Structures are given as structure tokens and as C-alpha cells.
Amino acid sequence: MQRTISIPQHWGYPRFTLEQRTEQGTILGLYYYPSGTELAEQFDDGWRYALMPNKNSDEISYLKEDQIQPLTPEELFQQITVEIEFYQSQISILQQQLAVVTGGSSNG
């Protein structure tokens, strides 16, 4: 079952999605300041995003929609390719360790 999020019609749709990779990092969360609220008067209305600039850090940045730049298709392809290569290397190492533990037999 696919998860869905309901957004009130008068809010407008967010430009970015959860887990989307951007130049500023990966989007972990999003929230909205509706116009006419105290937060919107203080910080402007609209969508805000929580981003993790680096997956190896606990640092989180909070940016307005106009402060975020999406990755180009080429940049996204490059990031994903590097990550795939890393995990394939990790799988190979784990398979070697498993072979040592099982004495070279592979039951699976």
C-alpha cells in the first residue's frame, strides 16, 4: 500500500518531495506556514523543507522553497551510480565473509 499525504487545496502543492536529492542535500521533511498565521507573518508563508546535507552527519538545515536547487538529471545519475557502486562493493565484502564462515559452501 502506497502512503499518501493530503494537502489542503488552498495551500498549493510543494515543489519538492520527501527523500528528493537536491544540491543542498536530501529532503527529510516538509512543513507549511499558511498565510494569516503568526509564523507566516514572521517568516513568510509557504513550504519549508528539512534537509540533511550529508548522510554521514546529524546536521539538518531548514530552507524555504526558493532556497533549494534540484539536481540536474546528470548530477542525480552520478550520485546514484556512486552509491550503487559503494553498496555493490559492500555486498561483495559480505559475500566473502560469509564464504569464510560457511567454509565456502553457499546454501542459498
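Which cluster do ring pairs link Trp11 into? I found that ring pairs join Trp11 with Tyr32 and Trp47 in a cluster.

**Entry 1: the model.** I am working from a predicted model, in which local features need pLDDT of at least 70 and side-chain atom pairs count only at pLDDT 80 or more, while totals for chains, interfaces and linings use all residues. I number residues from 1 along each chain as its sequence is written, and I take side-chain values from heavy atoms, with hydrogens and water left out.

**Entry 2: aromatic pairs.** I searched the whole structure and noted 7 aromatic pairs. I then looked up accessibility: Tyr31 is partly exposed at a relative accessible area of 29%, whereas Tyr33 counts as buried at 13%. Here buried means under 20% relative accessible area, exposed over 50% and partly exposed in between, using a 1.4 Å probe and protein chains only.

Tyr33 also forms a tilted pair with Phe43, at 6.1 Å centre to centre and 40° between the planes. This pair links distant parts of the chain, since I located Tyr33 in strand β2 (residues 25–33) and Phe43 in helix α1 (residues 38–43), 10 residues apart. Phe43 itself is partly exposed, at 42% relative accessibility. Helices (H or I, at least four residues) and strands (E, at least two) are DSSP runs, numbered from the N terminus.

**Entry 3: strands β3 and β4.** I noted that strand β3 (residues 46–52) and β4 run antiparallel and are joined by 4 bridges; two strands pair if DSSP finds at least two bridges between them. Looking for the partner of Arg48, I found Lys64 in β4. Strand β4 (residues 61–64) has Ser61 and Leu63 on a covered face, and Tyr62 and Lys64 on an uncovered one.

**Entry 4: positive phi.** I looked up Glu19, which is not a glycine and yet has a positive phi of about 70°. Glu19 lies in the segment before β1 (21–22) and counts as exposed, at 65% relative accessibility. Asp44, also not a glycine, has a positive phi of about 85°. I placed Asp44 in the loop between α1 and β3, where the residue is partly exposed with a relative accessible area of 42%.

Key: Rings of Phe, Tyr and Trp (its six-membered ring) pair if their centres lie within 6.5 Å; planes under 30 degrees apart count as stacked, over 60 as edge-to-face and the rest as tilted.
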